[in-house]
Amino acid sequence: MRLVILGATGSIGQSAFSVWQQHQDRVTIEGLVAHRNAERLWDMGCRMGAAWVALTDASAAADLERATRGRPGPEVIGGREAVRLRLAEAEATHVLAAMSGFAGLEPTLVALQRGMTVLLANKETLVAAGEVIVRALRAPGGGRIIPVDSEHSAIFQCLAGRQPFRRLILTCSGGPFRGWSRDALKDVTVEQALKHPNWQMGPKITIDSATLMNKGLEIIEAHYLFNVDYDAIDVVIHPESIVHSLVEFVDGATLAQCGYPDMRVPIQVALSWPERWSLDIPSFQWPGRTLHFEEPDLETFRLLALARQAGKAGHLYPCVLNAANEVAVEGFLARRLGFLEIAEVVEATLNAFAASNTEPDLSEVMAADAWARQFARERIAAEVR
Ligand code: MG
């Protein structure tokens, strides 16, 4: 297979690099895309034998191009439009979509329209533009999506095309603040929120895991990926992150996918599907293990409930939810608003949004995203004042 990695220098990209190292004979790297981490991108591009590397930040790309001119290695391209054009003529069969946030939407759509297999690690894409993506999937010659998000990979593996099921059960570690009260959460610091108990991830998703918004986005992601009603998607807190998610079939049989929390597994499953390739992960040690499961606290972790509501409301509400959350998380990371205010900003933005009743296309998704970002930014500025 020929692979393009979007978000090559991030956490998923690094895990993908590690998977590739073990399967170089099977996976040819065509291109690598990052935002502006030029040094790491160039290094990866050379080591992986990529034909081209791209930075969406055009000025960072121009600097890299100058610095590497005349040296052996991949072609350097820059800017979002150049990335889109390159993808539109790429010969890749597979694209690993691992950019963070809404920025992953356009390149993912291009890949699907080209009939490629998208290994989707960027849940924001499906949350913001679920209906647009589903239409691209159903169009003649459209590509397919194999989930890389660990919960959705678990469900994908448990289903393996089998139907009908009664419900999907997404497991959730509960993040660093599991069991905390709202009062205790008021003064949580950025450093505390960035300490996830089980997974090493980028800052955006780590904050989303602390607020449980990550699980809320994953409910919406599951709705679109598996074409399932919101009422048939449950969330259970499972602090050990060993059971990655479950499917309960109509006969009451429940299948789970388990293992150490290591993103290399869902990445490789998506790359190798429906085959299984070997990976140097130690066998799981079952003796002495105790696994726990509990109800999520929807009162304290408001965003989980808000996400489900936005999903059920449909239309552009998930897009607005996602955009307001991205802005609020940035605000929290910049220490401009408190931890609990992330949910306040998202809720205020959702409440202020006036939906039309047309089926949204890409331009409407872009417009709703921009509107929600602007509204959320103004709201944060007003609160800081
Ligand atoms: Mg996940």
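Reading the model, step by step

Q: Where is Arg 47 placed?

A: This is a predicted model, and in it Arg 47 sits in helix H2 (residues 38–48).

Q: Is Arg 47 buried, exposed or partly exposed?

A: Buried means under 20% relative accessible area and exposed means over 50%, with partly exposed in between. Arg 47 has 49% relative accessibility, so it counts as partly exposed.

Q: Which residues is Arg 47 in contact with, leaving aside its neighbours within four places in sequence?

A: Those residues are Phe 17, Trp 20 and Gln 21. As for Glu 378, its C-alpha is 44 Å from that of Arg 47, and the two are 331 residues apart in sequence.

Q: How are two packed helices described?

A: The description uses the angle between their axes and the distance between the axes. Here, helix H11 (residues 213–226) packs with helix H14 (residues 317–333) at an angle of about 155 degrees, and their axes are 12 Å apart. Angles over 145 degrees count as roughly antiparallel, and H11 and H14 are therefore roughly antiparallel to each other. Their crossing is left-handed.

Q: Which residues make the contact of H11 and H14?

A: H11 contributes Met 213, Leu 217 and Ile 220, while H14 contributes Pro 318, Leu 321, Asn 322 and Asn 325. By class, five residues in this contact are nonpolar, two are polar and none is charged.

Q: What should I know about phi and peptide bonds in general?

A: Most residues other than glycine have a negative phi, and most peptide bonds are trans. In this model, phi of Ser 241 is positive, near 50 degrees. Ser 241 lies in the loop between strand S9 (233–237) and strand S10 (243–249), and at 7% relative accessibility it counts as buried. Phi of Arg 335 is also positive, near 60 degrees, but Arg 335 is exposed, at 55%.

Q: Which peptide bond is cis, with omega near -15 degrees?

A: The bond from Gln 163 to Pro 164. Pro 164 is in the loop between H7 and strand S8 (165–172). A cis peptide bond also joins Trp 273 and Pro 274, with omega about 5 degrees.

Definitions and conventions:
Residues numbered from 1 in each chain as written. Predicted model: local features only at pLDDT ≥ 70, side-chain atom pairs only at ≥ 80, totals over all residues. Heavy atoms only, no water. Axes fitted to C-alpha atoms, helices over the stretch in contact; angles between N-to-C directions. Helix = DSSP H or I, 4+ residues; strand = E, 2+ residues; numbered from the N terminus. Parallel < 35°, antiparallel > 145°, perpendicular 65-115°, else oblique. Left-handed = near helix turned anticlockwise from the far one by under 90°. Contact = heavy atoms within 4.5 Å. Nonpolar A, V, L, I, M, F, W, Y, C, P; charged D, E, K, R; others polar. Buried < 20%, exposed > 50% of the residue type's maximum accessible area, 1.4 Å probe, protein only.
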